[in-house]
Amino acid sequence: MDSGTGMGMDGSHDSRWVSASATHREAVMTETARFVAVVEGADLATPVPSCPGWTLVDLIRHTGSVQRMFSGLLRQRVQERPLTRDTELDLPADDAGYPGWLTASSQVAARAFADTDPDAPMWVWGADPHARFWMRRMLFETLVHRVDAELAVGLRPVIDPALAADGVDEFLVNLPFAASFAPKTAHLRGQDETIRFRCTDRAGDWLIRLRPDGFELVPADAEATNPETTNSEATNLADATVEGAAADLLLLMYGRLDRTSDAFETSGDEDLLARWVANSEF
């Protein structure tokens, strides 16, 4: 997987597990194709347990609409928060047309990607004010909902570990900026308590600090320069720790896998972990 063009919380490049914009653009197409392969021939009235109240057709409509909306933002190079989310969706005439419509939505995205410099300055709601933010965000919207579709039809999702680690990073980098649509994050306050998430199958280590005025993802370079975090006992310095495979950590972030699952090894303050999970919904 390509490395090197993602942004850290301080605006600097972090090449440890954040992949390149070209990888994000290609993966949107790949994940959409996998999504379409799942739903073609399926009963689109099938409920989606990981998205309560939705059926497969709702899941497809949401994912394709997000792709088209983000593509519109990219084409317009928006410089301030849009006043409306109205987007030309070109919805199919009946439910049977939705798998093909989702493919067409990814093609709309592909054309927007081809015409957009990933480094172009743009308004975003998250940490990285460049076009590449929307490309990366579109990828993980698509990937997570592909997983939802697979779960709905009884398939076991498989996620590339490098892509999953990138998704964990994308989630944690942007979560502090998500209060407008994730209001429960306002409850993630503390007295400098820390939570560490660590991959067991590849590079990936994130430290969250809960402060009286909010929470933050501690930049990796800041942690590395702290003598207390440069030894093999770094995990024990966090008040709570969750360790697991990158794909499982990604599903944990999005509420698709419970922290009590056998997929994870947890240690430290269980109440702190429970508070994080209850209030970090994206």
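Biologist: Where does aspartate 192 lie?

Modeller: Aspartate 192 is in the loop between helix H5 (161-174) and S1. Helices (H or I, at least four residues) and strands (E, at least two) are DSSP runs, numbered from the N terminus.

Biologist: What should I know about the model itself?

Modeller: This is a predicted model, in which local features need pLDDT of at least 70 and side-chain atom pairs count only at pLDDT 80 or more, while totals for chains, interfaces and linings use all residues. Residues are numbered from 1 along each chain as its sequence is written, and side-chain values use heavy atoms, with hydrogens and water left out.

Biologist: What is the mean pLDDT of the protein?

Modeller: The mean is 90, and 88% of the residues reach 70 or more; pLDDT is the predictor's confidence in each residue, from 0 to 100. Over residues 1-17, though, pLDDT stays under 50. Where pLDDT is low, the predicted coordinates should not be read in detail.

Biologist: Good to know. On to the sheet: what is the order of its strands?

Modeller: The order is S3-S2-S1-S4-S5, in an open sheet of five strands with mixed pairing. Two strands pair if DSSP finds at least two bridges between them. Strand S3 (214-217) and strand S5 (265-268) are at the edges with a single partner strand each, so one side of each has no neighbour in the sheet.

Biologist: How many bridges join S4 to S5?

Modeller: Four bridges join strand S4 (residues 240-244) to S5, and the two run antiparallel. Glutamate 243 stands opposite glutamate 265 in S5.

Biologist: Which helix lies across S1, S2, S3, S4 and S5?

Modeller: That is helix H9 (residues 270-279), running at about 75 degrees to S1. For such angles, axes are lines fitted to C-alpha atoms, for helices over the stretch in contact (heavy atoms within 4.5 Å). Angles run from 0 to 180 degrees between N-to-C directions.

Biologist: Now helix H1. What do its buried residues pack against?

Modeller: They pack against H2, H3, helix H4 (131-152) and H5. Among the buried residues of H1 are His24, Glu31 and Phe35.

Biologist: What does glutamate 31 form a salt bridge with?

Modeller: Its partner is arginine 34, with the closest N and O atoms 3.6 Å apart. A salt bridge here is a side-chain nitrogen of Lys or Arg within 4 Å of a carboxyl oxygen of Asp or Glu. Both residues lie in helix H1, three residues apart, about one turn of the helix. Arginine 34 counts as partly exposed at 30% relative accessibility, whereas glutamate 31 counts as buried at 4%.

Biologist: And how many salt bridges does a search of the whole structure find?

Modeller: It finds 17. One of them joins arginine 137 to glutamate 170, with the closest N and O atoms 2.7 Å apart. That pair links distant parts of the chain, arginine 137 in helix H4 and glutamate 170 in helix H5, 33 residues apart.

Biologist: Are those two buried or exposed?

Modeller: Both arginine 137 and glutamate 170 are buried.

Definitions and conventions
Buried means under 20% relative accessible area, exposed over 50%, partly exposed in between (1.4 Å probe, protein chains only).
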